[in-house]
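This report describes selected local features of one protein model. Please keep the sequence and the structure in view while reading.

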Amino acid sequence: MLDKIKSLLEEVEKMEAHRADELEALRIKYLGKKGEIAALMNDFRQVPADQKREVGMRLNELKEAAQQKINEIRANLEEGATANDAIDLTRTPYPIELGTRHPLSIVEKEICDIFGRLGFSVAQGPEVEDDWHVFSSLNFAEDHPARDMQDTFFIQHSPDILLRTHTSSVQTRVMERQQPPIRIICPGRVYRNEAISYRAHCFFHQVEGLYVDKNVSFADLKQALLFFAKEMFSADTKIRLRPSYFPFTEPSAEMDISCNICGGKGCPFCKGTGWVEILGCGMVDPAVLENCGIDSNIYSGYALGMGIERITNLKYQVKDLRMFSENDIRFLEEFKSAN
């Protein structure tokens, strides 16, 4: 029996397996209930009494060696499987180039960060909206041109469900559920039924701001806008406000900044005027506050809105609006340094 044990020990030491099923077959052969070692254990009763001690020790050594070898092979197989799983054979050769954030995302984050330093928090809302939150609560008359099918995408021919045309709908939702003070910035995608060209698209992105509290004045709005312009473009940036009209603000204004390309001296980009329009703004119309359940005799507020594409065009001089949605890798790679 000692010779048989010695022979099996040599076999165990030479065991190899390259797959899990091969290893399982070896385990059953040597350590199974009907395996080689179990057979020797059954024959142990026939060993003379004076040899039982030595044979017993050798049998235990054989069993431990077989178990240790099986465990060693299993560990090697698992390590190899983990290493293989970590290799994605569909990936491009190393080194893998890092991607970049989209220019609109870069500018949106910068706008939100600037207003965040003024105490504004970010608010979000649904892109599929109802007429009340997009138009009626914001003082749009029933015959206002923005309600026309040429400008607005309606859902299933319903006059009440539509894709939002501006993120002002987020402002009305916040004012309905929260009493002042309210200080929010609302970034998001909006939709309008327009022909796609280098200067227009059927969807684009806006950031709108709202501040409602006691004794909010137009001077507060002007200071916030001046701070934003200087932070976004440069410390030398100047602003000017021109009277305008929006249904939801009174008085209303459009804001221009000194051209960041020519420094206000006049160039083709600013059409020789030295000024470039970037946003609309104004004091929230008291009727809008009342529509949303806020007492206009106690509270006042200002609102502002800008197109993110417009700001990105000014900041990076992107001449074709379609570039933002075509996912041209060559175009996106130009913004690596802006991340």
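Helices (H or I, at least four residues) and strands (E, at least two) are DSSP runs, numbered from the N terminus. Helix 10 spans residues 308-316, and its buried residues are Ile308, Glu309, Ile311, Thr312, Asn313 and Leu314. Here buried means under 20% relative accessible area, exposed over 50%, and partly exposed in between (1.4 Å probe, protein chains only).

Asn313 of helix 10 has a relative accessible area of 14% and is therefore buried. Leaving aside residues up to four places away in sequence, Asn313 touches Val318, Leu321 and Phe324; contact means heavy atoms within 4.5 Å. After helix 10 comes Gln317, with a positive phi near 55 degrees.

## Basis of the model

The model is predicted: local features need pLDDT of at least 70, and side-chain atom pairs count only at pLDDT 80 or more, whereas totals for chains, interfaces and linings use all residues. Residues are numbered from 1 along each chain as its sequence is written, and side-chain values use heavy atoms, with hydrogens and water left out.

## Cis peptide bonds

The peptide bond from Pro180 to Pro181 is cis, with omega near 5 degrees. Pro181 lies in the loop between helix 7 (168-177) and strand 4 (182-191). Another cis bond leads from Glu250 to Pro251, with omega near 0 degrees; Pro251 belongs to strand 7.
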